[in-house]
Each structure stands twice: as C-alpha cells, then as structure tokens.
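Please look over the fold below before reading the notes.

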Amino acid sequence: MRTTPQLVVDAGASHVAGGIFAPVSGGRLLLQEFALEQCTSDPSLEPGWLERTAEALAEVASRPHLRGPASLAVPGHLTLTKFIKTPVIAEAKRDQVIRFEAAQAIPYPLEAVTWDHRIVAGDGLDLEIMLTAVKREVMENLCAAAEEAGFPVKRAASSCLTLYRAFGFNYPMAQGPVLVVDIGARSTNLLMVGPRGQFFARTFALAGNAITAAVAEELRLDFAEAESVKLQVMADLPRELQDSPMAGAVRGATANFINRLQLEIMRTTGNFRWRSGATSPVAIYLTGGGSLLGGLAPALAQKFNVPVEPYDALRNVELSDRARAAGAAGSTHLLANLVGLAVSADEAGTEVGLLPPAVRATRAFRRRQPNLLGAATLVSVALLSPIWHYHRLAKSDEARAVELAAETRPINAIANRNVDSQRKIAALQRQIEVIQHLKAARSGWVDFMSDLQGRLGKVEDVWLDEIAIERAPEGAATAAQFPAAQTGPALKLRLSGRLLDVQNPLSKVSADAYARVKELLAGFAQSPFIAAIEAERFDNAQPGLLRFDFTLRVNPQHAL
C-alpha cells in the first residue's frame, strides 16, 4: 500500500467524485477529503458529455485541498475490455507477443487508441491477459479537461480494474467465486473474482439509462422528465399514486431491466466457469447508482439462489470529519472506483498505459524537473569561478584594445588616404582608355571605307545603294566573344546594293552572279573590321540585276 496521501478522481457517466486517501494503521485507508458532483447522462446530450464532465471536474477542484496530480478512473462506457490467452513465453519477448495479440483483439489500429494490459493468471502453459483500450482522442480530451480543472493525470485505470482492486482490499477473506455488479448510468461492470485472485470482467451498455429510456418511451416524456419520474417511484410513492400509469411504467421498465441483467450475469458466470473451471458464484455484491433499484437484490437472490448484498466500499476505509460532512457516508455506492485507485498492488500492467503519449511525456518531464533544476544549479555554481576569471581577462583585453586602437589611428588614416588615391588612379585610367578609343575611331571610318571599296572592286560590276548604321544595346558585344574589345555599344552596318550580270542583261541573273555575290560576302568576312555577316537577303526580280542586302557586325577591336 502507498505510504503517502493520494488524490484520486472518478469521472463517471453521471457524476464526478474526488477524494484524498491516506494510509492508517492496520492496513486501512482514511478518506480525508471528498467531493461529489452529479451531472446528467441524457444520451441525446452525448456530444456535450466532455464539457459537462469538465464543469463537474472544475467544481470538485474548487473544494479546499482537492487539487494537484491525480489518478483517474476511466468510465466503462469509454473503455473496451477483452480477455485473451497466450502461450507462456520468456519475459524478454512477452511485450512483443502481447502487442501482437492486442492488435488482433482490439478493433482499432493501436495508433488510434491508448491501451494497457494486466496478466490475470497462468497455469504453466497459458497466460490469461486482460486488455483495456480507450480511443486516443477521447483520452486526450479527458486528460486535458482534468488538467485544466486542476488535476494533472499521473496514471489512469479502467473502472473494471479499480473495481477488482477495491474488492480485494475490502473483502480480502472472500471465499469461493464472487460476483460484483457495478450498475452505472450508461454501462454495467460485471466482475467475477475467483478464490485465488483470478478474475474475469465484462462491461456492457445495459444500465440505469435503459430504465429511464423505457419510461420516456411509454409515457412520451423527454429523458429528464422520465428520470425524475423514475427517481420518484424508486423513492416510494404515496399509496394513492402507487397504481398510477407512471408507477406502472417504472415497474415494467424495472422488471424488463432485471430480466436482461440476469441474462448478462448468466453469460458472464458461464464464461468465467469455462475459462477457469470454477463453480458458480457463492455471493453477489451490488454497487453503483443502479444498485439502489428497488426489487433488484431479491430478484437476483431468487434467480441465482445466492446471498445478494450491497457492496461496502468503506469496509476498510475510515472517514474524516470533513469527508463525512461532504456526504461520503451516504455515497458509498459511488466510491468503489475511488477506493480502487487509492489501493496499490504489485501487479503486471503499467498503470500509465491508458495515458496518451503526450500526457506521458509531460508527466515524465515533471518527474525529471527537480533533477534538472538541481543539475542546472550545480552547473551554475561550478561555472561561477571560470566566469569570473574570464570576465577579468575580458576586461583586461578591452583595455589593451583601446590602447592599440589609439596607436593604429594614424596608420588607419594613411591607409584610408591610400584607398582614395587608388580610386582616383582607376578613374583616370578609365578616362585615358576612352580618349585612346576616340583617337583610334577618328581614322577608323576612313580605313573601313577603303577596305570596303577594295573588296567591291575585286568583284567588279557591283555597287552599294545604302549604308545604314545600327547600334546594338549596351553590352551586346561581350568580353567572352571579344576578349580585347573596347567598352561601348556594339555597331552594326546595314548594306544594300546591286550586282550587274553583264552576261545576261535581259534575263534573270545567272548562277555566276550568285557566285560573285558569295565571293563578295566571303571577302567581307575576311575583313579585320567585320566580326560577322547576318541577315543575308537576295532579290533577282529585275532582269540582269541581283539585289542584295545584309548586315555587317563590326569587330569591336576596330573602333568606328
């Protein structure tokens, strides 16, 4: 048993209960603080269950002393419980095998749920294992609501497991197979406990809401009105109302519920006998809000021919004055999960397996936080001496840097003047290059025209009609094409002219005329002034004349 007080919270379908338990002498527990908040379990309001539960959690947390890290009982209507058997295997491989079996037994991807396991029994050949799973999104929202209310969840357990722990704590000397029936608002837990601690549990959706729904359907009431009628009838109506239609509706719904519950009990006890080889239960214990249903205990006792008693959740629990004043003594039927959470047992199962990974990570960080703070403090103390030493050295270096800056100031001034002088020299060199280029361009056109005239004379009977200058955009002649080129825009000349075919003056020009034009172009291409010939076009429409025009790209190495 734990030796320190524990804060535990039970978030049921129709109530939220919280308590602080502390160990006392004789292996008993003391309920120091207690709070209970009721909330509706109307199925039509199911989408708002989490919001109502969050409000109830906040109300419980508003009571004195009821805040802090808590253990949480997950209600049966949110959990899936299954029992499986696996061969006995080495512990090193057991987790891997259990995970494989869980993937087969749980009807959701394991990544979509938070799940836990507990080894129930083993006979040397097989292991019986209880699997419990909750949808991850649901569990994350429930833990977030609890933390926002003031209850950071440190561990979570299913209501079936807490019921088993609570029964073992309160009835350690129970003999023979015993059946514990926990009837809630939306689900019922059936727990079969064998003489050697072996157990089997089932959760099914037959609970107090089934009676309310049947009454609402028969009397055509909404859920809240039907619930009020059910509670009035259960509280013993006056004699004049005992034969009223509403009393008859409640009695009929109750009888139908008891019959269905008896069938579920028969299925559960039969399954347990088949699994364990045990006999039928020798006693039945009732707990939960539905256990207060009138006529339930006598009907079960007559059906199964065994004693049926209320389950005493406070059998080994003492109440403080504050817990008694908060109504703990009158809420015994709702305390099984709280007691089960407060009881510690050395058993398989992680007890945090139902916590989502994000909550586990936060919990692990909080556990390590004191160690991290202590380590940070030690590191800070250890670094104080080196920090002071290097701070003193830094101050000395700063003073020396100021002295050196004063000594190098004249040198820096000379260096700055040198940089300015180099900039001026570069500007003058660029001006000289421009002047040299202009000087070369003065005679460039004369030399180019002379070269052009000479090449026209070699071909004979050819003349130019037009020479037009086309200047390309800046940078069109690149240094990659002309390494030695002067800077400036590239120059193009558009030439138009005619060639006379003296041998065929009255007919279309001959192939010889075309050959002579090609010779002319080849001559231009050899000129040192010409870089390339572009856009060649020919027109032989006029007899005896071959018109031509083309573009000469001037070599930038020869300025024009």
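This is a predicted model: local features need pLDDT of at least 70, side-chain atom pairs count only at pLDDT 80 or more; totals for chains, interfaces and linings use all residues.

Residues are numbered from 1 along each chain as its sequence is written, and side-chain values use heavy atoms, with hydrogens and water left out. Helices (H or I, at least four residues) and strands (E, at least two) are DSSP runs, numbered from the N terminus.

**Six-stranded sheet**

- An open sheet of 6 strands runs in the order β8-β4-β1-β2-β3-β14, and its pairing is mixed. Two strands pair if DSSP finds at least two bridges between them.
- The edges are β8 (153–158) and β14 (317–319); each has a single partner strand, so one side of each has no neighbour in the sheet.
- Neighbouring strands of this sheet are turned by 30 degrees against each other on average, direction ignored.
- Strand β3 (residues 28–38) pairs with β14 in the parallel sense over 3 bridges. L31 has L319 of β14 as its bridge partner.
- Helix α1 (residues 49–61) packs on the sheet and touches β1 (6–11), β2 (15–24) and β3. Contact means heavy atoms within 4.5 Å.
- The direction of α1 makes about 40 degrees with that of β2. Axes are lines fitted to C-alpha atoms, for helices over the stretch in contact, and angles run from 0 to 180 degrees between N-to-C directions.

**Three-stranded sheet**

- Another open sheet has 3 strands in the order β5-β7-β6, with antiparallel pairing.
- Here β5 and β6 (113–122) are the edge strands; each has a single partner strand, so one side of each is left without a neighbour in the sheet.
- The twist averages 25 degrees from one strand to the next.
- β5 and strand β7 (residues 126–135) run antiparallel, joined by 8 bridges. K82 has L131 of β7 as its bridge partner, and F83 stands opposite M130 in β7.
- β6 and β7 pair in the antiparallel sense over 9 bridges. W115 has A133 of β7 as its bridge partner.
- The hairpin of β6 and β7 has 3 residues between the strands, and G124 takes a positive phi near 95 degrees.
- Of the 10 residues of β7, 8 are buried. Buried means under 20% relative accessible area, exposed over 50%, partly exposed in between (1.4 Å probe, protein chains only).
- Helix α3 (residues 136–149) lies across β6 and β7, at about 65 degrees to β7.

**Aromatic pairs**

- The structure holds 12 aromatic pairs. Rings of Phe, Tyr and Trp (its six-membered ring) pair if their centres lie within 6.5 Å; planes under 30 degrees apart count as stacked, over 60 as edge-to-face and the rest as tilted.
- F83 and F200 have ring centres 4.8 Å apart and planes at 45 degrees, so the pair is tilted.
- F83 lies in strand β5 (residues 80–87) and F200 in strand β11 (residues 199–204), so the pair ties together parts 117 residues apart in sequence.
- F83 is buried at a relative accessible area of 9%, and F200 is buried at 5%.
- F83, Y164, F199 and F200 form one aromatic cluster.

**Helix α12**

- Buried residues in α12 are A513, R516, V517, L520, L521, G523 and F524.
- Seen down the axis of α12, its buried residues fall within an arc of 160 degrees, so they line one face of the helix. The arc is that of the directions from the helix axis to the C-beta atoms.
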